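Here is a short briefing on one protein chain. Look over the sequence and the model first, then work through the points below.

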Amino acid sequence: MNQRALLGLFISGALAILLTGVFVIGSKNRMFTRTYRLQAQFPTVSGLLAGAEVRLGGLRKGTVEEIRLPADSRSQVRVTLSLDAAAARLVKTDSVAAIETEGLLGNKFIALTFGSPGAPEVRDGATLASAPLLDVSDIIRKTNAIMDSTQSTLKHLEASSAELATMTARINRGEGSVGALLHERTLYDSLSATASEAHEAMVHARSGAAAFDDDMKALKANILFRGYFKDRGYADASELTKWEVSALPAGPPVRTFTFTAQALFARPDAAQLKGRKALNEVGAYLEKTPFSLVVVRAFSGGKGDRDANLILTQGQAMVVRSYLAERFDLDDARIRTKAMGEVTTGEPGRERWVEILVFQGP
């Protein structure tokens with residue numbers, strides 16, 4: 001074979017290797033795939049880098065194209081995502097972007113949730129809702145604080161155990177009031193009789209409480225008083241704060257439903273539910289949308305007595321929560337209430353209203 005033929009083979013082989021490398025690198029960096037862009041905002045990206053993976057359903061379907069700092073301290077970090085066009089049918093307007101970590105100390109990536117079947121598809125350039133970032137360093141700090149607290153508790157327990165052993169030894173020797181009590185039979189018998197009488201009094205008190213509870217149940221069923229409990233909207237006032245939360249989650253809700261009191265209740269100043277059709281829309285949405293928490297908030301406006309308005313909003317929030325929990329296939333432990341009492345907005349016609357806040361699911 002002459003030199004020209006060898007040279008031609010060498011050049012052909014080099015070109016083949018070069019084209020293969022270009023194809024492999026281009027495929028890895030999605031240079032030959034149709035893409036579209038989405039936005040997401042986070043308070044902090046905590047180690048997320050440009051070029052990181054974007055996963056949908058656990059599969060890589062895009063990359064982080066750009067991470068941009070906010071214009072001022074009140075804004076958030078904006079992350080631009082480049083996704084395969086083929087994944088557009090699964091990413092909907094209610095999809096959520098979250099920053100996750102590969103293992104405990106691995107690389108950061110963006111995980112997208114599937115949208116609900118009834119939600120519209122996102123358009124190129126749209127902004128997705130984001131989930132709060134769970135940082136491993138925060139977990140480690142909290143764990144260290146718990147361990148320090150546990151060690152302090154163990155030291156106190158050891159000291160208490162030593163003191164208890166000393167006290168037990170003194171009692172066994174008949175020292176002190178308790179030791180004298182145990183060694184003096186007459187005083188012991190007198191105190192035993194007193195304790196027996198106290199127990200009998202407690203039994204009578206419990207019997208009286210049970211009888212009172214039976215009387216109240218009969219009163220609620222009595223035709224003369226049934227209308228009062230029906231107008232009030234609930235029978236047992238002890239249930240008003242059973243499902244109440246002390247505070248809302250830190251992140252914003254992914255969906256908020258707002259209703260006037262006139263639309264949900266027979267009267268704005270009562271908790272007798274009538275607007276079930278409006279609540280059916282909320283229940284249908286919750287059945288097909290993953291959520292971590294739903295909070296029913298009721299507002300009374302500034303008219304009337306403050307304490308009465310607080311109780312009214314407790315009752316209104318409770319009956320709305322009860323309807324959603326009993327009527328639809330939902331985890332009722334994740335449906336809570338929050339009575340807001342007197343809150344004024346200054347908007348005409350919005351003196352009493354109810355909000356249903358939906359926070360993002362796992």
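Predicted model: local features only at pLDDT ≥ 70, side-chain atom pairs only at ≥ 80, totals over all residues.

**The chain overall**

- The protein chain has 362 residues, and 29% of them are buried.
- Its secondary structure consists of eight helices and eleven strands.
- Take the contacts between residues at least 6 apart in sequence: 72% of these join residues at least 24 apart.

**Helices α7 and α8**

- Helix α7 spans residues 276-288, and helix α8 spans residues 306-327.
- The two helices pack at an angle of about 55°, and their axes lie 10 Å apart.
- Why do α7 and α8 count as oblique to each other? Angles from 65 to 115 degrees would be roughly perpendicular, and those under 35 degrees roughly parallel. The angle here is about 55°, so the pair is oblique.
- The crossing of α7 past α8 is right-handed.
- On the α7 side, the contact residues are R276, L279, N280, V282 and G283. On the α8 side, they are V320, Y323, L324 and R327.
- By type, the residues of this contact split into five nonpolar, two polar and two charged.

**The loop between β6 and β7: V122**

- V122 sits in the loop between β6 (108-112) and β7 (127-130).
- Is V122 buried or exposed? Its relative accessibility is 11%, so V122 counts as buried. The cut-off for buried is under 20%.
- Which residues does V122 touch, leaving out those up to four places away in sequence? They are Y36, L38, V91, K92, T93 and L128.
- R89 is 33 residues from V122 along the chain, and the C-alpha atoms of the two are separated by 8.5 Å.

**The loop between β6 and β7: P117**

- P117 also lies in the loop between β6 and β7.
- Is P117 buried or exposed? P117 has 70% relative accessibility and therefore counts as exposed. The cut-off for exposed is over 50%.
- Along the chain, P117 and K288 are 171 residues apart. Their C-alpha atoms are separated by 8.1 Å.
- K288 is numbered within the range of α7, residues 276-288.

Definitions and conventions:
Residues numbered from 1 in each chain as written. Heavy atoms only, no water. Axes fitted to C-alpha atoms, helices over the stretch in contact; angles between N-to-C directions. Helix = DSSP H or I, 4+ residues; strand = E, 2+ residues; numbered from the N terminus. Parallel < 35°, antiparallel > 145°, perpendicular 65-115°, else oblique. Left-handed = near helix turned anticlockwise from the far one by under 90°. Contact = heavy atoms within 4.5 Å. Nonpolar A, V, L, I, M, F, W, Y, C, P; charged D, E, K, R; others polar. Buried < 20%, exposed > 50% of the residue type's maximum accessible area, 1.4 Å probe, protein only.
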